[in-house]
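Trainee: I would like to learn how to read a model of this kind, one feature at a time. Where should we begin?

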Amino acid sequence: MSDDTTTSETTATTFESPPSDSLSKPQLAIQSLSSILTTIPPSLSTTQNPSRSLLHDPDVSSQISTLLRLPNSGAGENNLCRWFYDTFQSTDPDLQLVVLRFLPIIAGLYLSRVSHRKPLAGFEAILLALYAHETTTRGDQPVTVNIPDLSNPSIYHESKAPVKNNSTGLNLTVISPILERYGTVRSTRRAGIVGVALELYYSKIFLMPVESKIDFCEFCEIWAGQDGEMYKEDSADDCENEDVEKEKKGKEKKGGRIPLPWELLQPILRILGHCLLGPNKDKALFGAASGACRSLYARCLHDINPKAILAIGSLLRLGKIAMDDKSTVDYTEIPLADVITI
């Protein structure tokens with residue numbers, strides 16, 4: 001893992017914003033992208049919503065993904081990284097979605113390569129831009145949630161006297177603390193900065209294409225660095241179809257294993273929870289999310305991480321219930337029968 005001094009020097013790279021033009025921001029972004037990619041459909045700039053067309057265009061997404069996966073793609077002078085940085089700084093919400101669509105690949109490659117001491121200032125500039133945006137949006141406030149307090153009287157039972165003590169107050173739990181403002185990525189800050197970027201991705205995940213979510217699930221398996229197939233309940237046919245795929249991913253898992261502190265693991269699990277239990281019932285996405293959960297579960301068992309074991313084990317059980325056709329039964333419904341069994 002690179003030390004603080006080296007990282008501070010490499011992350012000093014900042015990109016200049018593109019000059020203003022008579023074109024709209026989406027059209028200007030597409031025009032700039034056309035000088036980086038091989039081909040761009042001419043219809044992208046003329047559609048009613050160019051940003052959304054760019055977000056969902058499969059050919060453009062494939063070309064960008066290929067360029068991002070090149071060995072030196074994260075360097076500071078990389079034109080595609082410059083384009084991502086400028087596009088997100090345009091403050092256009094739809095264009096920012098295009099940048100977030102490729103965050104799984106950017107974060108995945110960055111975390112997997114950072115220990116190889118490769119120049120990654122381009123990736124770091126993008127992640128810092130996302131982190132700064134989320135810091136400004138939160139306004140120096142933590143992200144909290146109100147947890148129900150079981151010491152309070154139940155609404156279904158009468159209480160003899162109202163209980164007035166500190167336990168009746170709000171029981172707030174901090175999901176994400178107040179964010180500090182950073183201008184560089186150091187080894188001690190890396191997980192927190194990437195985690196905040198993933199929280200931003202999660203907040204827009206319902207707008208992300210399925211392919212982006214699948215990319216994220218695949219990198220989760222690589223980050224885990226563990227084979228979780230032992231926790232899979234499959235038929236023999238399914239196992240035969242996945243033999244080739246498992247051999248292909250074996251080497252990637254060994255080379256991409258990264259530390260998984262809670263500040264990084266928490267947004268990962270929230271995203272995987274959406275992929276498993278979200279409204280989009282896509283089989284490929286569900287399979288990728290299940291595989292990622294199994295690998296992370298095996299990793300947390302290996303690391304003896306009780307909190308993570310409980311969280312990921314719950315996701316696996318919920319995913320199993322979601323696969324069951326009988327799980328649509330609502331057990332809170334009162335049965336229409338003449339006899340009630342107590």
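Mentor: Begin with burial: 42% of the 342 residues of the protein chain count as buried (under 20% relative accessible area, with exposed over 50% and partly exposed in between, for a 1.4 Å probe and protein chains only). This is a predicted model, in which local features need pLDDT of at least 70 and side-chain atom pairs count only at pLDDT 80 or more, while totals for chains, interfaces and linings use all residues. Residues are numbered from 1 along each chain as its sequence is written, and side-chain values use heavy atoms, with hydrogens and water left out.

Trainee: What average pLDDT does the protein chain have?

Mentor: pLDDT is the predictor's confidence in each residue, from 0 to 100. The protein chain averages 82, and 76% of the residues score at least 70. Residues 1-12 have a pLDDT below 50, with 26 contacts (heavy atoms within 4.5 Å) beyond near neighbours in sequence. Residues 235-241 are also below 50, and that stretch has one such contact in the model. Where pLDDT is low, the predicted coordinates should not be read in detail.

Trainee: How many helices and strands are there in the protein chain?

Mentor: Helices (H or I, at least four residues) and strands (E, at least two) are DSSP runs, numbered from the N terminus. The protein chain has 15 helices and two strands. Of its contacts with a separation of 6 or more, 77% join residues 24 or more positions apart.

Trainee: At what angle do H7 and H10 pack?

Mentor: Axes are lines fitted to C-alpha atoms, for helices over the stretch in contact, and angles run from 0 to 180 degrees between N-to-C directions. Helix H7 (residues 103-113) and helix H10 (residues 210-224) pack at about 15°, with axes 9 Å apart. H7 is therefore roughly parallel to H10 (under 35 degrees; over 145 is roughly antiparallel, 65 to 115 roughly perpendicular and the rest oblique). Residues in the contact include Pro104, Ile105, Gly108 and Leu109 of H7 and Phe216, Phe219 and Trp223 of H10. The contact divides into nine nonpolar (Ala, Val, Leu, Ile, Met, Phe, Trp, Tyr, Cys and Pro), three polar (the others, Gly among them) and one charged (Asp, Glu, Lys and Arg).

Trainee: Is Phe219 buried or exposed?

Mentor: Phe219, in helix H10, is buried, with a relative accessible area of 5%. Phe219 touches Arg69, Pro104, Ile105, Gly108 and Leu109, not counting residues up to four places away in sequence. Phe219 and Arg257 are 38 residues apart in sequence and 9.9 Å apart in space, C-alpha to C-alpha.

Trainee: How far apart are the axes of H7 and H8?

Mentor: The axes of H7 and helix H8 (residues 121-138) are 10 Å apart, at an angle of about 125°. H7 and H8 are therefore oblique to each other. Among the residues in contact are Leu109 and Tyr110 of H7 and Phe123 and Leu127 of H8. By class, this contact has eight nonpolar, no polar and two charged residues.

Trainee: Which value does phi take at Thr91?

Mentor: Most residues other than glycine have a negative phi. Thr91 has a positive phi of about 65°. Thr91 is in the loop between helix H5 (79-89) and helix H6 (93-101) and is exposed, at 53% relative accessible area. Asp140 also has a positive phi, near 60°. Asp140 lies in the loop between H8 and strand E1 (143-146) and is partly exposed, at 42%.
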